[in-house]
Amino acid sequence: MENNTRELSVLRLVAEAAVDGVAIFGRDELIAFANTAFARMYGLAYGSQLTGRLWASLFEPEWARYIQATCFDEAGEHTWSGHLVGLREDGAPFEMEASCTPLPSGLGLILIARDVSEKVRSEMELREARALFKAIIDQMPRVAIMGFGRDGRMVHCNAAARDLYGIAQGAANAPSMSEILKDGERLARVESAARLAWESGQGSQPETCRHVSEEGPKWLLSTVFPAVVQGGATEVLVVDVDITREVQSSEALRRNEARMRFILDQLPGVYFYVQDAPSGRWTYISKSVEAVTGYPPEFFQGPHEPISTDHPMNAEAERVAAKIQSEGVEAGPYRCEILRRDGARRVLEVFEKPVRDGGVVGEIFGLAIDITERAKMEEQLSAFQRREMMGNLSRGFARQISSPMIAIFGTLDALQNKLHGDRDVSAFLHVLRQQGQRLAKLMNDLVLLGEAENAPRGPSDLIPLAHEVVASIAIFPGHEGALVRIEAPNEPLVALISPARVRQALYQILDNALFFSPEPDTVKVVLCKEGDDAVFEISDKGPGLPENESASHLFAPFVTTREDAPGLGLALAERIALEHGGRIEARNNAPGPGATFRLILPLVH
């Protein structure tokens with residue numbers, strides 16, 4: 001008895017130092033000893049707080065009966081271990097891992113226990129999380145997930161992986177990686193990534209690969225990485241995201257972009273560009289820019305000199321472009337004038353669309369169209385409309401003044417007949433008649449300027465018409481004996497014209513050239529064909545055109561430096577040219593002296 005007591009004392013000393021909970025249950029159903037760790041499992045500070053209590057009160061009734069039957073009644077000398085459910089001081093149940101060993105001489109038993117309620121709860125939460133994760137990934141039709149063990153065999157997969165690789169659900173033998181990934185090249189890459197994952201715990205970079213399934217070829221974004229638990233890899237995951245739709249959309253977008261660029265490159269006088277808004281650098285510009293500007297795309301994608309001119313419209317163009325770039329406003333098209341590489345000036349109409357990125361203008365899409373010819377036509381139309389208005393006014397004025405003029409000339413004739421012998425009066429009458437004739441010529445020019453456009457037209461050869469005008473100019477007042485040289489081709493130049501109107505236009509230009517020429521034989525007329533047009537070039541050796549003289553001012557009515565003419569001749573010539581679908585150009589000779597006027601009329605095809 002004394003020895004047993006000594007043994008129990010030693011056992012208590014050892015148990016008190018143990019990390020696990022230790023308790024001794026006596027045959028009298030009381031707790032003989034409990035260490036501090038055991039007391040703390042039950043929410044108490046010291047083991048002495050449990051000493052003397054019924055050990056059965058530490059467990060739920062069914063577990064107390066189980067301990068009684070297993071550990072006291074049937075244990076004998078054997079140790080039992082397993083899970084038990086205890087009751088804390090506040091009545092809350094908790095799980096423990098325990099082992100029961102009978103004490104010598106039937107003194108009772110010793111219980112060694114560890115609170116595993118947190119572990120059990122964590123395991124339960126982990127199982128629930130895994131179940132939730134599996135339910136989620138099974139609902140992801142485009143993400144295939146497969147887990148492989150160290151032996152290279154699949155341990156699990158989701159529904160998307162089964163569909164993608166044709167894996168039978170619930171198969172008796174788990175397929176290997178080589179049986180699933182039949183493509184040798186891809187299999188080698190995945191196996192290499194799996195070895196790296198096992199050895200170093202590192203995953204692979206995502207890569208795009210092509211897989212041929214029963215549904216046809218698919219594009220996958222594949223990644224291999226380890227599933228790490230408590231610092232060690234438990235399996236290797238192969239995750240394949242089906243990006244077939246994205247790849248197809250991207251390919252379709254690239255094809256459409258290439259098709260659009262091809263179309264834009266084929267359009268005459270049009271180029272497309274993309275500009276980085278923050279830096280102002282052009283990141284893309286279509287090849288057709290060279291046809292418009294004379295410069296290749298590479299010229300604009302690096303530092304380059306501006307090609308804009310000093311035309312007033314460019315100031316407004318720069319203001320609008322800056323507003324689009326800084327504020328992202330969607331302004332209407334603007335016009336600008338550029339200087340081509342060959343020195344020609346061209347007018348562009350520019351459409352720009354700002355593209356925002358996070359509220360900030362990131363890029364600007366632009367389309368530039370060469371509208372030089374259209375701008376010229378608009379200017380000609382505007383001039384024509386002004387001439388039309390002036391013509392209507394002139395015609396009305398000429399009609400109103402014609403009757404008084406007839407009366408004046410009639411009165412002059414009567415006075416001259418009556419005062420025939422009076423030389424002083426005759427001199428005054430002569431001055432009146434000269435001024436009246438000048439007024440009559442002005443009236444005649446106004447009538448011509450205001451004539452309707454619907455004069456009869458027909459196909460006419462311009463060569464004999466030109467010779468006729470040149471031959472007849474010498475009989476007109478002020479040009480008596482004038483010698484005008486003419487050059488013309490042998491082949492006919494046929495245009496749809498009103499011969500009388502075209503003669504009038506040619507006469508007006510010739511009259512102007514002869515007036516400013518120092519000698520009557522220095523005027524030259526050249527008739528030639530340029531493309532689909534016939535061109536009359538009338539050159540003189542006079543002082544030339546005033547510097548900075550614009551075409552609109554040069555051909556405006558009543559603009560002249562001549563004292564013997566009202567300034568309607570060139571205005572009339574331009575009006576006749578416009579009526580016939582043509583135009584008039586004027587430039588100084590290079591080298592000088594003199595100027596050249598070009599009357600251009602379309603030929604009949």
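**Exercise 1. Aromatic pairs**

Task: State how many aromatic pairs the structure holds, and describe the pair formed by tryptophan 282 and phenylalanine 300.

Solution. 

Step 1. The structure holds 13 aromatic pairs. Rings of Phe, Tyr and Trp (its six-membered ring) pair if their centres lie within 6.5 Å; planes under 30 degrees apart count as stacked, over 60 as edge-to-face and the rest as tilted. The model is predicted: local features need pLDDT of at least 70 and side-chain atom pairs count only at pLDDT 80 or more, whereas totals for chains, interfaces and linings use all residues. Residues are numbered from 1 along each chain as its sequence is written, and side-chain values use heavy atoms, with hydrogens and water left out.

Step 2. Tryptophan 282 and phenylalanine 300 are stacked, with 5.4 Å from centre to centre and 15° between the planes.

Step 3. Tryptophan 282 belongs to strand 12 (residues 282–285) and phenylalanine 300 to helix 10 (residues 297–300), so the pair ties together parts that are 18 residues apart in sequence. Helices (H or I, at least four residues) and strands (E, at least two) are DSSP runs, numbered from the N terminus.

Step 4. Tryptophan 282 and phenylalanine 300 are both buried. Buried means under 20% relative accessible area, exposed over 50%, and partly exposed in between (1.4 Å probe, protein chains only).

**Exercise 2. A second ring pair and its cluster**

Task: Determine how the rings of tyrosine 295 and phenylalanine 299 are arranged, and which residues ring pairs link into a cluster.

Solution. 

Step 1. Tyrosine 295 and phenylalanine 299 form a stacked pair, 4.2 Å centre to centre and with 20° between the planes.

Step 2. Tyrosine 295 counts as buried because its relative accessibility is 16%. Phenylalanine 299, at 24%, counts as partly exposed.

Step 3. The cluster linked by ring pairs consists of Tyr271, Tyr273, Trp282, Tyr295, Phe299 and Phe300.

**Exercise 3. Salt bridges**

Solution. 

Step 1. Side chains of opposite charge can pair when their charged atoms come close. A salt bridge is a side-chain nitrogen of Lys or Arg within 4 Å of a carboxyl oxygen of Asp or Glu.

Step 2. Arginine 121 is partly exposed, at 38% relative accessibility.

Step 3. Glutamate 251 and arginine 254 form a salt bridge at 2.2 Å, N to O. Both lie in helix 8 (residues 244–266), three residues apart, and are therefore separated by about one helical turn. Glutamate 251 is partly exposed at 32%, as is arginine 254 at 44%.

Step 4. In the salt bridge of aspartate 370 with arginine 346, the closest N and O atoms are 3.0 Å apart. Aspartate 370 lies in strand 15 (residues 360–370) and arginine 346 in strand 14 (residues 345–357), so this pair ties together parts that are 24 residues apart in sequence.

Step 5. A network of salt bridges links Glu530, Glu537, Arg583, Glu585, Arg587 and Arg598.

**Exercise 4. Helix 17**

Task: Explain why helix 17 (residues 569–579) is described as largely enclosed by the rest of the structure.

Solution. 

Step 1. The chain has 17 helices and 22 strands, and of its 605 residues 39% count as buried.

Step 2. Glycine 581 follows helix 17 and has a positive phi, near 75°.

**Exercise 5. Backbone geometry**

Task: Identify which peptide bond is described as cis, and state where glutamate 29 lies.

Solution. 

Step 1. Most residues other than glycine have a negative phi, and most peptide bonds are trans.

Step 2. The bond joining alanine 590 and proline 591 is cis, with omega about 0°. Proline 591 is placed in the loop between strand 21 (583–588) and strand 22 (595–602).

Step 3. Glutamate 29, a residue other than glycine, has a positive phi near 70°. Its place is the loop between strand 1 (21–26) and strand 2 (31–34). With a relative accessible area of 45%, glutamate 29 is partly exposed.
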